[in-house]
Amino acid sequence: MRDVHVSAITDAVKKLCIEANLDLEPDMLRAFDGALRRERSPAGKQVLQILKQNAEMARTRRIPYCQDTGFVVCFVELGQDVHVTGGGLDDAINDGVRQGYTEGYLRASIVRSPFDRVNTGDNTPAVIHVDVGPGATLRIMVMAKGGGCENRSKYKMLTPAEGVAGVKEWIIECVKTAGPDACPPLILGVGVGGTFEKSAILSKKALFRELGSPNPDPQLDALEKELLDRANRLGIGPQGYGGDTTAFGIHILTYPCHITSLPVAVTIECHAHRHKEVTL
Amino acid sequence: MSVTTAADGIKEIGTPLSDGDVESLRAGDRVRITGVLYTARDAAHGRLLPLIEKGEKLPFDPRGQIIYYTGPSPARPGDVVGSIGPTTASRMDTFTPSLLGLGLKGTIGKGYRSQPVKDALRAYKGVYFGAIGGAGAVLSQFIKKLSIVAYEDLGTEAIRRLEVEGFPAIVVNDCHGGDLYQDGVKAYAREGA
């Protein structure tokens, strides 16, 4: 067994929360440059240039890229030979969120109850997903998930007969309904298969794959490329002002499913795609 | 007139706005706004609604004014404000027609508006501007002063009065039925989507 003290987890999460909101990952910066080369629309180009400038200003002036500094969604891959000491894993993560959001001048966007809607004041709690597997390391992946795009995420139970054609139509429909509300250029995380909740979780996890990297499954990779091309023919463009860059990427994860089912979950992510990870 | 066209083709807007100012704006016009904006989003609108229904005085006089749908991140010491980009406007759709009826002239946000809002823009001479969603760091530069007007307990959702200089936006829905989102898709949609 390898001991990992909760203070190391808290420190790591704090740092990831702050850095995610201030330092956009290189895959996003490359996506802006790639889109600027292809975009035909002057208004679309101007939006992309301002977003690049925004990323630079966030990095240098230490001011969040977006005022919605997100709901912290945390995926943990916990090696079964790791022994977390000094307290609970969830508490350690939430302490990291609390410290990161308070000390980093990040916005508190979480209310304690969906009904009374009183702000918790420190952006806690996070949404935490833990997978246990072999090994003696602890991998923590953090996403600061914006609310505007999350509100356009969708779910549909298709029938097996609807098949891959039905899945494609549904995903394109999701891009259309998200439109300018969700701050395009978008990234789509898609979970296909499993049960109701499994596909939804996969749709979030799919977003952690590096933007622009191929899907390891060649068939899914071809499907992703086809759907991205179709999404970028819709004309919605950056911010919905019209153009060729409606989406930066579509990432698909699948899971075996029941003979009756074809669940499809689509998490809509905006261009403020703030994700960071660390392995302890 | 407090709308003029600058040498770079961008329309310079000074607040407050008159009916004539609003009528001179067309979907797709790029603008720079100088003057006062009031911030309000979900929770603040929720508190304004009962006041409007009872005909009571609002915490600010909406006549000629612009509401910016935003909840800024906290300012670092020495800064006026933190990150301050727009939030999705459609969540305020149910409140907007009655505010336009009270003389509000403009709103700034991102995303689609409902048909009742578009109808109210025509009926009351109002305009809906888009600001670039997610460009909160860049947009913070245009905020010169900030004060809390009401509902401080709401934190980021409190109503704030902003003094802005050259705040960049684009006309999405004008008072003539123009819609930038529809025009954009028409211009750039390609076969095979």
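**View 1. Buried residues of helix H2 (residues 42-54) of chain B in the predicted model.** Ala43(B), Ala44(B), His45(B) and Leu48(B) are the buried residues of H2(B), a residue being buried if 20 or more other C-beta atoms, placed from the backbone, lie within 10 Å of its own. The cover over these buried residues includes strand S8 (159-173) of chain B, where helices (H or I, at least four residues) and strands (E, at least two) are DSSP runs, numbered from the N terminus. This is a predicted model, in which local features need pLDDT of at least 70 and side-chain atom pairs count only at pLDDT 80 or more, whereas totals for chains, interfaces and linings use all residues. Residues are numbered from 1 along each chain as its sequence is written, and chains are lettered from A in the order in which they are written.

**View 2. The end of H2(B).** After H2(B) comes Gly55(B), which has a positive phi, near 70°.

**View 3. Packing of helix H2 (residues 26-38) of chain A on H3(A).** The two helices pack at an angle of about 155°, with their axes 10 Å apart, axes being lines fitted to C-alpha atoms over the stretch in contact and angles running from 0 to 180 degrees between N-to-C directions. H2(A) and H3(A) are therefore roughly antiparallel, a term for angles over 145 degrees. On the H2(A) side, the contact is made by Leu29(A), Phe32(A), Ala35(A) and Leu36(A), and residues of H3(A) in it include Lys45(A), Leu48(A) and Ala55(A).

**View 4. Chain A against chain B.** Here 43 residues of chain A are in contact with 39 residues of chain B, contact meaning that C-beta atoms, placed from the backbone, lie within 7 Å. Helix H3 (residues 42-61) of chain A gives the largest share of the chain A side, eight residues.

Methods
Contact = placed C-beta atoms within 7 Å. Parallel < 35°, antiparallel > 145°, perpendicular 65-115°, else oblique. Expected span 1.5 Å × (residues − 1). Buried ≥ 20, exposed ≤ 12 C-beta atoms within 10 Å, placed from the backbone.
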